[in-house]
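Reader: Could you take me through one part of this model up close, the salt bridges and what surrounds them? I'd like the cut-offs spelled out as you go.

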Amino acid sequence: MKKIKLLLLFVATAAVSVSCDLGDEAPYFGDSRAIVGFSRTSQSNGIVTDGTDKTVNMVIELIGGNQSLPADSDIAVTYDFDATSSTATLGHEFDFASANHTAIIPAGSKSVVIPITVHSNNVVVNDDKTIVIKLTGASSSSATVVGSNYSKLTITLVGSCFSNLAGNYTATYTSGTFPLVVTEIGVGSYKSNLTPGYTQYDMYFSDLCDTLTITDWYGNATYPISGTGTVQPNGDLRWTSVTISGIYANRQYLFRKVN
């Protein structure tokens with residue numbers, strides 16, 4: 001009988017030990033404590049490098065505990081920038097919108113959104129930067145903990161080229177100078193009402209980080225067109241190796257920007 005009692009006592013002790021070890025490692029929705037953390041461990045945000053400030057949001061959630069209910073009182077969550085693990089620099093690529101680094105999950109809610117201000121003029125295309133944010137604490141009028149598996153968020157800033165080529169231009173041929181209009185039809189996609197070598201006919205092209213590619217024109221079904229070019233520092237569009245099959249090949253043209 002003594003052996004049986006000792007065995008039962010050992011099993012009960014082990015069960016208590018396992019229950020405590022789970023702690024905030026894995027959210028248990030029947031737990032009376034409120035367990036908070038980031039809604040995900042990583043996120044990627046495209047930043048158009050047009051020189052204006054952008055807003056990137058991160059979300060802190062009540063991810064477990066509190067009997068699966070919304071917060072029954074305000075939960076104050078503190079966070080900080082992990083400079084050692086980050087490649088972005090605070091004050092250069094980004095700044096916190098709030099100086100006190102504290103967010104409140106309101107009573108009756110399960111989450112709070114924290115904005116970060118990204119300075120796009122300091123974001124470089126093809127040179128992604130990471131911002132690592134860590135939660136440093138949580139408090140409320142009832143028991144609250146930070147889930148250790150949900151305490152860190154890595155935000156990757158992906159620079160995207162800004163394209164703004166719509167406007168008035170001129171094209172100069174041996175026969176004279178002719179006006180033309182470039183219209184934006186999509187992000188980085190444009191239509192010109194003049195095709196190189198002609199004084200009319202719509203032409204379509206794309207701009208990717210100041211590299212131009214002709215994609216279509218008025219007579220493309222019969223006479224396919226190809227060609228590339230570059231956006232000049234003064235805004236001119238310089239076309240090189242423009243070819244219209246069966247008409248001309250490897251010609252160069254300049255669409256001069258009208259200020």
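Author: Residues 24 or more positions apart make up 58% of the chain's contacts with a separation of 6 or more, where contact means heavy atoms within 4.5 Å. Keep in mind that this is a predicted model, so local features need pLDDT of at least 70 and side-chain atom pairs count only at pLDDT 80 or more, while totals for chains, interfaces and linings use all residues. Residue numbers start from 1 along each chain as its sequence is written, and side-chain values use heavy atoms, with hydrogens and water left out.

Now the salt bridges. A search of the whole structure turns up 5 of them, each being a side-chain nitrogen of Lys or Arg within 4 Å of a carboxyl oxygen of Asp or Glu. The one to look at closely joins D236 and R256, whose closest N and O atoms are 3.6 Å apart. This pair links distant parts of the chain: D236 sits in the loop between β16 (225-231) and β17 (237-244), R256 belongs to strand β18 (residues 248-257), and the two are 20 residues apart. Strands here are DSSP runs (E, at least two residues; helices are H or I, at least four), numbered from the N terminus.

The two partners differ in cover. D236 is buried, at 5% relative accessibility, whereas R256 is partly exposed at 45%. The cut-offs are under 20% relative accessible area for buried, over 50% for exposed, and partly exposed in between (1.4 Å probe, protein chains only). Across the 259 residues of the chain, 34% count as buried.

Strands of a sheet pair through backbone hydrogen bonds, either parallel or antiparallel. Both strands are part of a closed barrel of 8 strands, β11-β12-β13-β14-β15-β16-β17-β18, with antiparallel pairing. In the chain as a whole there are 1 helix and 18 strands.

For comparison, here are two other salt bridges. K54 and D50 meet at 2.9 Å, N to O, and D50 is partly exposed with a relative accessible area of 27%. K129 and D127 meet at 3.9 Å, N to O; K129 is partly exposed at 23%, and D127 is likewise partly exposed, at 34%.

Terms used: Two strands pair if DSSP finds at least two bridges between them.
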